[in-house]
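I opened the model to look up a few local features. My entries follow, in the order in which I made them.

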Amino acid sequence: MADKKRDLIKIIFQNFFKSLRPRQFRGNYIGEDYFGNKYYEIPANPSIGKRKPSRWFEPADKEAFDQELTAEWEAWLRGRRDAPPTKEELIQNLQIMEMKKRNAEKLEAKYKKNTSAPSTSAIGTYPKYEEFEIIPNKDPEKK
């Protein structure tokens with residue numbers, strides 16, 4: 001019984017001294033996106049009970065609350081991907097995004113030339129046709 005008690009006291013003191021060790025407060029610089037945001041991480045340390053890494057970013061404009069993030073970096077921040085995105089991956093996705101914008105502009109210009117949109121001010125009442133009944137089971141109106 002005395003050995004178990006000594007082991008317990010030993011474990012308590014070991015944990016107490018481990019808790020006094022300095023912890024990492026500044027994160028490791030991980031990368032930067034094309035908006036100028038910088039991303040940091042403090043890795044997980046299971047020995048002190050920290051199972052997930054702490055991840056955050058510093059925006060390029062410190063006053064901007066609605067800061068735009070790329071999808072790849074946002075997935076990394078939220079823990080949906082383990083490895084941060086590479087510069088090649090960011091460049092490739094940026095090129096795809098720009099290509100989609102160009103194609104959308106081309107399609108919009110093409111359909112604006114071919115069709116003229118009806119003006120909403122010219123919309124009148126529902127049209128009446130001579131061959132259709134206005135009141136059921138009655139003869140259509142004759143002019």
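**Burial, aromatic pairs and a surface patch**

I looked up T70 and found that T70 counts as buried, at 3% relative accessibility (buried is under 20% relative accessible area, exposed over 50%, partly exposed in between, with a 1.4 Å probe and protein chains only). The model is predicted, so I kept to the rule that local features need pLDDT of at least 70 and side-chain atom pairs pLDDT 80 or more, while totals for chains, interfaces and linings use all residues. Residues are numbered from 1 along each chain as its sequence is written, and side-chain values use heavy atoms, without hydrogens and water.

I placed T70 in the loop between β3 (54-58) and α2 (71-77); helices (H or I, at least four residues) and strands (E, at least two) are DSSP runs numbered from the N terminus. Beyond neighbours within four places in sequence, T70 is in contact with D33, Y34, F35 and L90 (heavy atoms within 4.5 Å).

I searched the whole structure for aromatic pairs and got 7. Rings of Phe, Tyr and Trp (its six-membered ring) pair if their centres lie within 6.5 Å; planes under 30 degrees apart are stacked, over 60 edge-to-face, the rest tilted. Y39 and W76 are edge-to-face, because their planes stand at 85°, with ring centres 6.5 Å apart. Y39 is in strand β2 (residues 38-42) and W76 in helix α2, so the pair ties together parts 37 residues apart in sequence. Both Y39 and W76 are buried. I also noted one aromatic cluster, formed by Y39, F57, W73 and W76.

Last, I checked L20, which lies in helix α1 (residues 2-20). L20 is exposed, with 54% relative accessible area.
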